[in-house]
Amino acid sequence: MAVNWADRLSAFSLSPTEFLSGTTVDAFLAELLREIRDDRASYAVKVLLLSPLCEYPHLLCPSDSVGEETALELMSVFAQCPPKFVQFRGHVLLALTSVLVCTSCMSSRSPASQDFLDVLLEISQNTVDLHGDGLSHSLRNIACDCLRELESCSPGLLSQHVELLDGLRHRETSHLHQAYAGLYTLVLRNAVYQLTQETGAGGEQLKSLLGGNTVVAWEADRDSILSKDSGVLSSLILGPMGSVPTLQTGPDCKELRSILSSLLEESYLLTPLCQAALLHRLTEVVAMVPGIPPAIFRAQLLRLLGTSKVCLFHTTLLMKCAFTDSLFSAEDELFMLKRLVVLSQHPLLTTADKLFYIDCILHFPENRPISCGDGDEALPVLLTPQLASVLMPTVFNDSATLLTRLNLMSLVYLEEGDDGEGKGPAYLYEHLTALLHIVESRGSRENIVTFFRATFLFLMYFCQIESYSSSLVEKLCELYVHHTHLAPHLISLADYIQDRLSESNWAERLLQAMQRAITEVSLTQLTLPDLHSHLKMLGRVAEEGKIPQQSTLRFLYSIITPSSSTLCMSGDWHLGNRVLAVCRRLLVHPSLDSVLVPLADILQHLTCHHGDIDIQDHARLYYTLLTTLSQEKLAGVLARGATERGRQIKTRSLSCIVAESEGLTRALTIHRTEKAVFSVVVVNSETHQHTHAMSESDLPQNDADNNPDDANIILEAYRGQFNDPDFASEITLSYQLVHTQANDCCFDQLFSIRLHFSLTDDHYEELSDLSIPCLFREGPLPVVKLRLKPRQPFPTTLQASAIFTTQDGLSWHTVLPAICVAFQQVFAPLPAPSAWGRSSKLILFERLWDEICSESGDCAVSLFCCQLEDAALSSLSEKHFLPYLISDLSHKEELKVLFFLPPQSHVLLRIKLEEDAAHFNIATDKWQLLPHINSYLLTITSSQEDAHS
Amino acid sequence: MSLRALWIISYEKDGNASIRFSRRFSTVEHRAKCLAGPSYVAVPEESVVLQLLLTELGLSDPDRSFVALRDDCLHRQRSPALELHVDGPGKGILWPMLAISQGPLILACLCLVDAPLEPRPPLANLLSVSQGLSLLAGLQTFLFGSGSKPDSEGIASRLAMLPSILLQVCPLGTPLDVPVLGASNTPTVPVPAGNQKQPAWKTGVHRGRAVVNVALKETVRSMQYGQRSRQDLWDVYGTVTCKCEVEGVLPNVTVTLTLPPNGSPLQDILVHPCVTSLDSNILTACSVDNCDGSAFSGPYKFPFSPPLEPFRLCSYTSQVPVPPILGSYQLREEENQLCVSVNLKLHESVKNSFEYCEAHLPFFNRDLMGAVDVKVSSGQVDTSKEKNLLVWTLGQRFPKSREVKMEGRITFSGPTPGPTDPICTQLTAYVKLYFKVPDITLSGCCVDQHSVQVYSAAKPRIVTSRDLQSKEYFIWNSTGCAPVSSVQMML
């Protein structure tokens with residue numbers, strides 16, 4: 001049992017949605033609760049069972065009422081559990097907290113949450129340790145944390161217990177005083193915040209708050225205040241842009257001041273993590289109450305500034321942020337900054353801590369900030385190159401440290417106004433060369449990635465310094481020639497530099513240099529992987545309108561002609577595609593005119609001599625396009641669908657897919673749409689069937705029809721048709737594809753739509769998929785005919801989904817709204833032989849009627865009555881029964897209607913107008929249809945009544 | 001200041017990764033939802049988190065040389081706070097995700113942002129970040145034990161203890177403490193003594209004989225180039241580790257560090273949180289500053305109340321005028337062999353009595369060693385041919401001259417290539433020294449046994465010790481191109 005649960009619960013936490021798709025939420029929750037209550041289960045297992053409730057309460061308790069019930073259940077489990085199972089009881093408290101908070105039972109102060117709050121307060125006040133074994137300590141600790149979390153999630157929840165909590169905090173001498181202090185500080189902070197939100201609140205209110213004499217009016221107001229203002233949840237220390245709500249108390253806040261002093265004095269006894277949280281809360285309180293001078297923290301400062309713990313030092317930064325020069329002098333500021341620099345590279349600290357400290361330097365809370373703290377990195381004024389020099393990157397740094405330091409030092413030198421003359425950028429450049437050297441010496445993948453990122457960073461800051469930028473171009477070229485597999489990295493570098501530094505032409509210079517390097521290389525030394533990289537690179541070069549492409553073409557020509565290479569003979573599809581990808585980009589190159597002839601030569605050569613037929617075809621297409629279209633049209637044809645950034649070709653023909661290996665996975669993946677893109681809507685089919693029925697009834701009447709004695713023969717003839725199992729076994733329903741609301745223009749044009757339907761019951765045979773060539777938002781709506789083959793002619797619902805392609809070549813999967821097949825949609829006209837006239841059908845009708853009335857088994861007769869006028873009945877019949885009418889419409893005394901329901905069911909109606917009501921006599925050979933017939937008749941007659949009344 | 005979720009992931013070199021432990025804090029998630037409003041991004045399911053995290057750390061698809069999402073130039077790990085792009089590039093960003101990796105494990109947590117998300121607040125404004133870092137570091141120490149090599153069984157058994165540990169240290173996503181090594185999960189109950197409150201970081205009280213153990217350890221690092229254009233570098237840092245077995249709920253102990261009369265001041269002092277107060281003079285000296293002669297140079301008093309377990313009371317750095325061992329290393333490439341020449345000189349101020357002293361000469365990016373013909377003036381040389389490594393064991397003492405020499409020739413004619421390193425190519429090579437000298441410090445700093453004051457009824461036994469050891473002590477080949485970093489040229 002235990003193993004079973006461990007497996008199931010780990011499956012649940014791995015993927016809750018998948019797990020719950022195999023069962024229902026209710027069932028799983030019920031199962032969990034039952035097992036938790038089960039006396040036979042061990043407490044170790046029960047602890048496990050609580051974990052879904054702790055971690056995913058919003059999934060297991062989708063509504064507040066379920067949450068409330070679950071909470072009540074857990075409360076009773078808690079009450080019945082012997083005190084010695086502290087772990088389990090602790091977990092029950094956590095589960096209760098999670099359930100009540102996440103279902104918003106707590107915020108609505110539901111009865112269960114009130115009870116739970118009472119239980120927690122009771123536990124936290126119960127200082128008697130009956131067993132002397134510390135078990136109650138442990139539980140109290142957890143209860144306090146639950147209270148703290150509840151107060152965090154519903155601020156103000158405990159504000160009337162301020163005094164109680166203060167007392168507990170004071171009296172406790174075991175290490176639990178930490179839990180009380182943390183809880184008390186948070187409650188205090190929230191209560192003071194609440195006071196700041198009340199107009200006219202001041203010292204008096206603060207005093208009574210601390211004394212526990214909460215004003216009664218407060219209580220009623222509270223919810224409304226808190227629900228309006230989510231600011232209470234967020235930190236009040238937000239830097240120069242944040243404003244802190246304040247409480248005007250005057251200088252005399254003795255009570256608060258003494259409380260703060262005692263908390264600060266004892267803060268030393270708290271673990272660093274709790275101490276940091278406490279100091280943060282107290283900083284907020286003091287920031288809100290100007291009557292308390294920030295100097296109250298001074299006694300703690302040295303201890304905190306000297307600490308080796310990141311969370312404690314952090315609190316001094318937060319205090320600095322909150323109080324600036326009212327607590328920290330200019331000297332202090334310099335001291336803190338130096339301290340940060342020291343910490344950023346201290347040999348005994350972890351890398352993560354050091355990186356955090358570097359980040360703090362870049363967001364140093366200055367007393368007089370120059371920039372307005374918009375979240376961007378900005379150097380503190382006091383950080384000189386001299387001071388920062390210890391943060392210079394070295395080749396021994398790990399990747400993250402190296403890049404972070406490079407970024408910082410670049411900012412330092414940029415600030416310094418180094419314009420190429422200074423040493424700063426020279427040092428950084430030298431560092432870059434050292435990294436380059438490592439990459440050249442077969443550095444690891446991480447080395448390579450780090451080098452390119454470092455290069456990108458360096459260029460972002462110092463691209464304008466000519467000597468470095470041109471030297472980098474040279475060095476990268478040289479690197480590429482010897483390490484052609486770095487092509488994707490170089491292309492990525494060029495792309496991003498172009499994107500981020502649009503005013504610079506560095507990327508273009510790099511690419512042109514690459515072109516030169518590639519095209520000048522001797523072909524005899526070329527290996528196949530080199531060639532792949534070269535073609536990839538040349539493809540990128542061909543996107544640059546300002547780079548002349550003659551040398552590229554010469555290179556292409558030389559590699560495809562047999563004299564120098566065997567490429568054509570080998571018929572390598574991949575290589576051919578790479579060549580074509582370059583050609584394709586050349587086709588839209590602005591200087592096409594000047595390269596037209598050599599390009600045409602290449603394409604023609606590929607068309608005639610390449611060993612792969614697909615490449616030949618594509619080359620022929622390009623050749624035709626090139627030689628027959630004007631440049632504008634060509635550009636129009638090929639560049640359509642290019643993205644705004646202009647670089648990536650969005651249309652993915654197969655050759656392009658392979659040319660862009662990065663796009664390949666994206667193009668080959670089927671993406672999922674968030675919402676249904678279109679829906680399948682039923683076409684108003686009555687007109688269609690109407691005409692059909694009319695034409696049949698207009699047939700000239702056959703002589704044989706006049707022979708009433710042949711009723712049995714007619715019935716047999718009719719029945720005989722069904723020997724063919726496919727006879728009249730299908731119904732065809734017409735639907736249209738309609739775009740849903742205009743959400744996304746990329747779905748305006750859909751192609752190659754394949755609809756897939758799945759059944760929700762077994763009343764019908766499986767449906768085959770349907771294909772629709774295209775669907776345009778503004779165009780005509782394509783009609784699809786759905787052929788349903790019922791096993792049982794009942795109404796049903798079909799699940800539908802579609803796979804389609806969008807204009808940009810991506811494939812998508814979308815789930816469509818379900819399709820409901822109504823009962824009346826299953827109706828078909830009597831499948832009589834086409835030669836039959838009305839009289840034969842009437843005979844058949846009568847014969848069937850008699851048979852149904854006389855037989856038992858599945859046959860049944862029934863009567864449906866309703867109030868209908870003569871005229872109303874006529875229009876009803878005309879509207880709904882016409883295709884199924886056996887008698888003549890003018891024959892008013894009795895209308896005979898026959899619905900055929902594939903595969904072999906019949907519903908026969910005799911409709912008569914009696915004195916005050918219309919009588920629908922019903923006969924059917926499938927009694928299970930009666931409820932459906934009833935509701936159908938009810939629907940159509942009531943709508944008719946409405947229309948007439 | 002809370003965490004939304006916590007993961008512990010194991011990652012193998014071959015790219016296999018799995019989530020070994022995870023905890024989602026639903027109430028914090030609830031707060032995250034309220035705080036973020038419409039820009040809230042939910043934490044996806046485990047497999048998605050795993051994949052995104054590996055991509056962000058550059059660990060996904062280890063067999064592919066370039067993956068745009070992982071390797072592009074723009075993307076720079078904003079370590080320690082990573083971004084997970086839940087709905088594709090640039091969309092649905094989960095931030096700040098803290099991650100630290102050690103050995104086969106990656107520890108990660110997602111912090112609550114209790115500030116407006118737009119514009120993105122700096123990490124410095126989010127207390128949850130330093131709280132998360134502290135918790136992760138604490139879990140890391142707990143999972144790997146104290147320093148020794150991680151064994152998978154030990155890690156597995158400690159991972160199994162995590163649920164009950166978290167119940168104590170982080171029950172609802174707000175870290176209260178870090179797991180204490182070796183301590184049991186159920187806290188021992190202290191006997192309240194009078195009105196004195198028990199420190200929350202002390203799980204009980206010591207009973208029995210009072211012993212105070214203070215160990216001072218200095219570490220020296222060095223980069224020596226033997227070139228005029230490049231200045232040699234060395235630095236020294238020290239740590240004071242204490243184990244105090246003293247009775248009382250909050251006993252007072254003071255440890256005093258003293259320097260010799262002309263000693264250069266201790267810098268960058270960091271102290272343990274149990275230190276009760278600090279003199280401002282102690283903190284003023286700073287290695288990134290221009291030192292002035294008038295700086296405070298002790299005595300450095302550290303009053304504290306000790307926790308039960310051993311702890312690092314304080315650490316410092318010091319600028320000493322000379323490195324303890326000055327070396328020179330010359331390599332010449334002659335035909336198919338390398339001519340090696342190494343000189344090491346022990347400075348006269350350093351006591352000539354080592355616990356151990358070894359010089360390692362690795363050779364990278366070459367074929368395996370063939371003939372090795374080296375002579376040393378002292379000590380002995382072991383050759384590890386399969387590692388292309390010479391180990392010169394100098395033993396406990398340098399000779400009287402305090403100078404040792406190695407001369408010789410090595411051929412590289414093995415059938416297979418030896419170890420590689422992208423930094424040490426051609427004549428870029430180094431000698432790395434490993435040594436430990438008991439009972440000295442380079443800075444001259446010491447803890448006098450009599451200066452340790454314990455305010456308690458019983459007179460405690462006081463044990464002090466000090467030693468010096470090397471770390472990253474490199475002597476680069478002066479005929480090659482050492483991978484010098486720019487900073488070193490500026491100094």
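Visitor: In chain A, what share of contacts between residues at least 6 apart in sequence join residues at least 24 apart?
Guide: That share is 70%. Two residues are in contact if their C-beta atoms, placed from the backbone, lie within 7 Å.

Visitor: What kind of model is this, and how are things numbered?
Guide: This is a predicted model, where local features need pLDDT of at least 70, side-chain atom pairs count only at pLDDT 80 or more, and totals for chains, interfaces and linings use all residues. Residues are numbered from 1 along each chain as its sequence is written, while chains are lettered from A and ligands numbered from 1 in the order in which they are written.

Visitor: What is the mean pLDDT of chain B?
Guide: It is 89, and 94% of the residues of chain B reach 70 or more. pLDDT is the predictor's confidence in each residue, from 0 to 100.

Visitor: Where in chain B does pLDDT stay under 50?
Guide: Over residues 486-491 of chain B. The model has 17 contacts beyond four places in sequence for them.

Visitor: And what ipTM does the complex get?
Guide: The predictor gives an ipTM of 0.96, with a pTM of 0.80.

Visitor: Glu474(A) is in which helix?
Guide: Glu474(A) sits in helix 24 of chain A, residues 466-482.

Visitor: Is Glu474(A) buried or exposed?
Guide: Glu474(A) is exposed, because 12 other C-beta atoms lie within 10 Å. The cut-offs: buried is 20 or more other C-beta atoms within 10 Å of a residue's own, exposed is 12 or fewer, and partly exposed is in between, with C-beta atoms placed from the backbone.

Visitor: What share of chain A is buried?
Guide: Buried residues make up 41% of the 949 residues.

Visitor: New topic. How do strand 1 and strand 2 of chain B pair?
Guide: They run antiparallel, over seven bridges. Two strands pair if DSSP finds at least two bridges between them. Ser10(B) stands opposite Ser18(B), which is in strand 2 of chain B.

Note on methods. Helices (H or I, at least four residues) and strands (E, at least two) are DSSP runs, numbered from the N terminus.
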